[in-house]
Amino acid sequence: MEKKLRFNSATIHGGQSPDPAYGAVMPPIYQTSTYAQTTPGGHKGFEYSRTHNPTRQALEKSLASIENGKHGLAFASGLAAMDAVMKLLQPGDEVISTNDLYGGSYRLFTKIFEGFGLKFHFVGMNDVAKVEAAINENTKLIWVETPTNPMMNVVDIAAIAAITKKRDLLLAVDNTFASPYLQQPLNFGADIVMHSATKYLGGHSDVVLGSLVVNDDDLQERLSFIQNASGAVPGPMDSFLTLRGIKTLHVRMQRHCENGRAVAEYLAAHPKIEKVYWPGFHTHPNHEVAKKQMNDFGGMLSFIPVGADHKAAIKIIENLTMFTLAESLGGVESLAGHPASMTHASIPKEEREKSGVVDALIRLSVGIEDVNDLIKDLEQAIG
Ligand code: P1T
């Protein structure tokens, strides 16, 4: 029944039913750590809020529905969700990851989990043969981010899934930049889809939260065990805010995509801009893959001024008024970022520049304001 909901209905109704206590249409914020028992073990399915909470459970059902999956799990942040996935592995296991990914993900892999005996290989995944070549007998997981942060490379999820299925490896996809409105990785054969729900799912820059969605019951059990045992769960208020955000995901995304396209085309035609990275361009190296697996091209893009001039880039960033200079993305308001010094500062310069994250790169999260105002802002900032 749930699986039959179309996406624009799943965002609102997926996994939801009126609250059993008073029929509240939105799940109440069950701000409680514990639940009364009539006799030891005599409870209504909830014992302690690290393990289960009704507001979080409503969110987890919604998350599963919008990703067309069976089980959703919510975490205190996107990185906490990734941390749980890595805890499925054992010392000696190896992971192949996209080489161009969120700096915090790179930091978690290299600065935390390498210390616990995991080995990471960072590979440009445009070429699927390179992924296959990096596999050895210790490989357990392939970690894909698509589109990548901040270079907007698009990885062919179905092609990677064909490899992981053949070799019995896990495939996890960070779907933060696309959101399930644009692509549902489980449909292409991924085993785990992860979100920084802080971004498009929450959508209003007012909550930090992460999620995982899976189909496999055994994987769900193992991840739920880690979720409870490690304890990086979101509180009921943050679960509520994320659930509320999801209800408008489809209408927000539609506008993000329209505005993203207009801003990308404006910048691409600007004589002072050298390069715009946005998967909707026919000239984008992965445009055909993007067309195949995404419903549209999203509201994220990056660009560099002519001559890859670092000073010119900083000037543009400082001149912007409607685009706020800030970390994060995916909210209703437009944000600008400087990956080299902000989101990707934890990646060594040499590594970062190999994937194109040069000092002159500016990243935009195009919001849902009037696009004419956004373009006017860019016009005055570029000068
Ligand atoms: O911030 P958190 O909710 O823990 O999510 C981490 C994360 C994971 N994956 C991707 C693709 C991300 O973009 C992020 C967070 N990114 C930013 C804060 C940013 O400005 O890019």
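Helix H3 (78–86) and strand E6 (192–196) each contribute at least two residues to the shell around the ligand in this predicted model. In total, 18 residues surround the ligand, and the closest are Asp-174, Thr-198, Lys-199, Ser-328 and Arg-363.

A polar backbone atom of Gly-78 is 2.9 Å from an oxygen atom of the ligand. A ligand oxygen atom also lies 2.8 Å from an N or O atom in the side chain of Ser-196, and an N or O atom in the side chain of Arg-363 is 2.8 Å from an oxygen atom of the ligand. Taken alone, the ligand exposes 470 Å², of which the protein buries 93%.

Attention may now turn to helix H13. Within H13, the buried residues are Val-371, Leu-374, Ile-375, Asp-377, Leu-378, Ala-381 and Ile-382. These residues cover an arc of only 155 degrees around the axis, and therefore lie on the same side of H13. On the other side of the helix, Asn-372 and Lys-376 are exposed.

The buried residues of H13 pack against helix H9 (249–268), strand E8 (273–277), helix H11 (310–319) and strand E12 (362–365).

The two ends of H13 have their own local features. At its start, a side-chain oxygen of Asp-370 comes to within 2.8 Å of the backbone nitrogen of Asn-372. Just after the helix, Gly-383 adopts a positive phi of about 75 degrees.

Technical notes: Residues are numbered from 1 along each chain as its sequence is written. This is a predicted model: local features need pLDDT of at least 70, side-chain atom pairs count only at pLDDT 80 or more; totals for chains, interfaces and linings use all residues. Side-chain values use heavy atoms; hydrogens and water are left out. Buried means under 20% relative accessible area, exposed over 50%, partly exposed in between (1.4 Å probe, protein chains only). Helices (H or I, at least four residues) and strands (E, at least two) are DSSP runs, numbered from the N terminus. The arc is that of the directions from the helix axis to the C-beta atoms. Contact means heavy atoms within 4.5 Å. A polar contact is a pair of N or O atoms within 3.5 Å; within protein, one must be able to donate a hydrogen and the other to accept it, and residues adjacent in sequence count only if both atoms are side-chain atoms. A residue is near a molecule or strand if one of its heavy atoms lies within 4 Å of it. Accessible areas come from the Shrake-Rupley method with a 1.4 Å probe; for residues, only the protein chains shown count as cover.
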